[in-house]
Amino acid sequence: MKTTASLISALAVCAAAWLPPAAAAEPFTPPDVLVKNVTLEVVDLIARDKDIRAGDRAKLIGLIEAKVLPNFNFTSMTALALGQNWRKASPEQKARLTEEFKTLLVRTYASALAAYSEQKFDFRPLRAKPTDTDVTVQVRVLQPGAQPVPIDYSMEKTAAGWKAYDVMVGGVSLVANYRTEFASIVRQSGIDGLINDLAAKNRSLGASARSGVAARP
Amino acid sequence: MRLLAGLLGMAVLAGCATGPDADPRDPLEPWNRAVYQFNDDVDHVLATPVATLYRNVLPVGIRDRVRNFFANIADPFIGVNNVLQGKIEDGFLDWMRFAVNSTVGLFGIHDVATDMGLEKHNEDFGQTFGRWGAGTGPYLVLPIFGSSDLRDGVGFVVDIYADPLTNVRPHDVQYLLYGLRFTQTRTDLLDASRILEEAALDKYTFQRDAYLQRRRSLVYDGRPPRERELEDEDDSKPN
């Protein structure tokens, strides 16, 4: 994998050398700018949407799918959460795992966003070299009477721009937190068992969202 | 105190139960799961309804002041813990926070120190022991108080001694303040617990892993050294 990556970046450098200077300039939005833009845009859209503020979960999920989802690499996230078991999965299993995990994460993200109530953000300056292809973008959420909550996005440079492959909230990595759970389910009922469990979880969340149970109390 | 010691003893005895699926960090899992279930039931029947009512009745401005008041009386010992961890400057900043908020902030109900750029810290004796090199020991679920581990459980006992509310008399006032603080804390966690319900396939495992990750991060003040396990599995990431 590492070899493929270095080969690709080597090819990219070679290709860049042949291009005129203007086209060789960094074509992607820098990761810290990307995080800031997307965060502020999403928060602003929510603030201006009466339906979402009134608890319309389907509309919020639609917003996340349009604005946030394209900036995540869900295959990377799923692979990291699966750990060693990822290598044992067939291509079809990998696709289904990624799809179900993505649905679960989008719902969780929607739930977290619904809890947002005008806290201020502190976007930290990016500490990385221009050549880095794997960086951590740090944001802090400020709240009265409590320590700020750090949100760290682990981001990698892909052919389609910078993509997040993990989010750490208050030092808790989302991907790492699913790892033990996933490993224990795979040990008991195999990779198909995990796919079934994820699908069942998503179905029950979908059902409760429709009946309004999951709406903000 | 005696209750806690007794429970710790029982926890050690219950720890004999191990299976092939046992997590090395959680040898007392069967016992912990039982306590977790008990806590969850109490939470559903009592704590969540009270916290929800509290949130619906009191406006956010009042709740912020309640949170600020309890946060302020905790700052002196947060400072002590920072000093014990060798972070002398942070310790002094915590005491300055306490001085400013207790006076200008009207007994701590306004967090003016944060507005002045004196940031709130999160420290306790469990973190201090961790900083001194103590391992976490087995994961523990304490009745009512929830996720902990052996190190943090011992730290928690010291925290109780250091807690300003411990010496408040008469007892009626003390219990009222305990109740108010507990309700405020539970209210602040309402959103988090809802997210946990939705995100987790198995709430117990999810909460345990989040607790262990969170505490590790706190001991290192948000900059924990990379775990080897994570590095190894970076290879499985598709490029």
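In this predicted model, strands β2 (residues 134-142) and β3 (residues 149-158) of chain A run antiparallel and are joined by eight bridges. Within this pairing, Q138(A) lies opposite D152(A) of β3(A). Helix α3 (residues 31-47) of chain A packs on the sheet, where it touches β1, β2, β3 and β4 (161-169) of chain A. The direction of α3(A) makes about 35 degrees with that of β2(A).

The sheet as a whole is open and has five strands, in the order β1-β2-β3-β4-β5 of chain A, with antiparallel pairing. Its edges are β1 (120-123) and β5 of chain A; each has a single partner strand, so one side of each is left without a neighbour in the sheet.

Two helices of chain A form another contact. The axes of α6 (residues 74-82) and α8 (residues 91-114) of chain A come within 9 Å and cross at roughly 100 degrees, which means that α6(A) is roughly perpendicular to α8(A). From α6(A), the residues F74(A), T75(A), M77(A), T78(A), A81(A) and L82(A) meet L97(A), T98(A), F101(A) and K102(A) of α8(A). By class, six residues of this contact between α6(A) and α8(A) are nonpolar, three are polar and one is charged.

The contact between the chains takes 38 residues from chain A and 35 residues from chain B. On the side of chain A that touches chain B, the elements giving two or more residues are α1 (2-18), α6, α7 (85-88), α8, β5 (172-173) and α9 (174-210) of chain A. Of these, α9(A) gives the most, with 10 residues. The residues on this side of chain A comprise 17 nonpolar, 15 polar and six charged.

Technical notes. Residues numbered from 1 in each chain as written. Chains lettered and ligands numbered in written order. Predicted model: local features only at pLDDT ≥ 70, side-chain atom pairs only at ≥ 80, totals over all residues. Axes fitted to C-alpha atoms, helices over the stretch in contact; angles between N-to-C directions. Helix = DSSP H or I, 4+ residues; strand = E, 2+ residues; numbered from the N terminus. Parallel < 35°, antiparallel > 145°, perpendicular 65-115°, else oblique. Contact = placed C-beta atoms within 7 Å. Nonpolar A, V, L, I, M, F, W, Y, C, P; charged D, E, K, R; others polar. Pairing = 2+ DSSP bridges.
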